[in-house]
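Hi,

Here is the structure I promised to pass on to you.

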Amino acid sequence: MLAPGSGPELSTWFAPLWRQISWLTCWIALCTAEAAPACPLPCTCDGHGLQVDCSGRGLAALPADLPAATRSLLLLNNRLSSLPAGAFAGLSGLQRLDLSNNFLDGLPRAAFGGLANLTELQLHNNSLRALDPELLRPLARLRHLDLSLNGLARLPPGLFDGLPALRSLFLRANRLQSLDRRTFEPLASLRLLQVGDNPWECDCHLRDFKHWLEWFSYRGGRLDQLACTLPKELRGKDMRVVPMEMFNYCSQLEDQNSSAGLEVPGPPCTKASPEPPKPKPGPEPEPEPSTACPQKQRPRPVSVRRAIGTVIIAGVLCGVVCIMMVVAAAYGCIYASLMAKYHRELKKRQPLMGDAEGEHEDRKQVSSVA
């Protein structure tokens with residue numbers, strides 16, 4: 001039990017301490033509220049604001065006041081049709097950005113400026129028709145890129161030059177007909193490539209990319225399927241199994257185009273050109289350049305190595321045929337000489353056989369008389 005008078009004294013001592021504890025608690029709560037990032041109204045955030053989910057909110061523009069500490073930003077299934085330049089400049093720590101299932105039909109060159117730490121970019125199912133060559137240049141750490149289900153008809157040269165860490169690339173269901181191997185050569189870390197459901201034209205424009213695909217598969221890369229649409233002879237076949245001999249004509253076309261590019265355009269050639277007018281008396285005019293029809297160049301072999309190989313093979317075959325003919329002639333001569341010798345021996349033996357038969361008949365006649 002407490003001593004008399006101890007109750008009031010204890011209350012008077014504890015009251016100031018309790019007020020100090022209450023003020024300290026309120027101050028800590030206020031500081032914590034000020035330090036916590038504010039979440040945009042149409043979105044939901046986790047406790048620390050590291051993941052901001054704005055998917056399926058019907059947004060036509062980016063939400064304002066995104067937390068600077070955001071690591072993952074989900075903007076899929078909205079109505080975004082454009083992005084301003086530097087739209088994510090204040091999110092230097094952003095690692096994942098999902099803009100799938102929107103209406104984006106164009107992206108400015110600096111749309112992803114300031115996202116040096118971004119590792120995943122999803123642009124699946126938009127309306128992109130073309131991409132700026134400098135669009136992905138700031139994303140040096142990007143590892144996953146999804147550009148499938150858009151309207152891309154071509155990839156500009158240099159689009160992937162600044163992506164040495166890219167490991168997976170999705171280009172399915174676009175309008176791509178051909179690809180340039182120089183566009184993919186900077187992707188030294190690429191391991192997965194999906195290019196199916198595109199109208200591929202397996203002609204000379206895709207020949208060099210076929211070489212790159214063989215190198216890509218050799219170093220362990222995975223490819224879904226590159227099925228040809230044109231020409232009709234290759235429709236439905238995988239480009240990787242089409243033999244390289246199908247593209248031999250490409251070298252001849254390149255030679256013809258290069259030689260045609262060096263020719264100076266002039267008047268068309270005709271078989272019967274009109275006679276030149278007779279010169280008038282006076283000073284001799286300067287000679288005009290000849291407009292005669294140039295002679296057609298003879299077709300050249302595809303390569304010097306192939307031509308040399310053809311000559312060597314033809315020489316070997318001719319040599320083998322000649323050797324066989326000499327052997328056959330020698331065999332014929334030997335056989336003829338043996339047959340002639342046999343007939344001579346046979347003729348020598350015929351008179352002796354005739355005398356023996358005559359003596360046998362005489363003996364028969366003498367025995368009959370007797």
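This is a predicted model: local features need pLDDT of at least 70, side-chain atom pairs count only at pLDDT 80 or more; totals for chains, interfaces and linings use all residues.

Residues are numbered from 1 along each chain as its sequence is written, and side-chain values use heavy atoms, with hydrogens and water left out.

Let me begin with the sheet. Helices (H or I, at least four residues) and strands (E, at least two) are DSSP runs numbered from the N terminus, and two strands pair if DSSP finds at least two bridges between them. Nine strands make an open sheet of mixed pairing, in the order β1-β2-β3-β4-β5-β6-β7-β8-β10. Its edges are β1 (44-45) and β10 (222-223), each of which pairs on one side only. Helix α3 packs on this sheet and touches β8 and β10, with its direction at about 140° to that of β8. Contact here means heavy atoms within 4.5 Å; axes are lines fitted to C-alpha atoms, for helices over the stretch in contact, and angles run from 0 to 180 degrees between N-to-C directions. Strands β7 (168-170) and β8 (192-194) run parallel and are joined by three bridges, and Phe170 has Gln194 as its bridge partner in β8.

Next, the core. A nonpolar core is a set of buried Ala, Val, Leu, Ile, Met, Phe, Trp, Tyr and Cys residues joined through side-chain atoms within 4.5 Å; buried means under 20% relative accessible area, exposed over 50%, and partly exposed in between (1.4 Å probe, protein chains only). The largest such core has 60 residues, and Leu97, Phe112, Phe184 and Leu193 have the most contacts inside it. Helix α3 gives the largest share, four residues. Leaving aside residues up to four places away in sequence, Phe184 touches several residues, including Leu193, Phe209 and Trp212.

Now the rings. Those of Phe, Tyr and Trp (its six-membered ring) pair if their centres lie within 6.5 Å, and planes under 30 degrees apart count as stacked, over 60 as edge-to-face and the rest as tilted. There are seven aromatic pairs. Phe88 and Phe112 are stacked, 6.5 Å centre to centre with 10° between the planes, and they link parts of the chain 24 residues apart. Phe88 has 0% relative accessibility, so it counts as buried. Trp212 and Trp215 lie three residues apart in α3 (207-218), about one turn of the helix. Their planes are at 50°, so this pair is tilted. Trp212 is buried at 1%, whereas Trp215 is partly exposed at 40%.

Finally, the cysteines. With a disulfide taken as a pair of cysteine sulfur atoms within 2.5 Å, the count is three. Cys39 is joined to Cys45 at 2.0 Å, and the torsion about their S-S bond is about 80°, so this link is right-handed. Cys43 is joined to Cys54 at 1.9 Å, also right-handed, with 105° about the bond. Cys202 and Cys228 have their sulfur atoms 1.9 Å apart, and their link is left-handed at -100°. The sulfur of Cys318 is 6.5 Å from the closest cysteine sulfur, in Cys322, too far for a bond.

Best wishes
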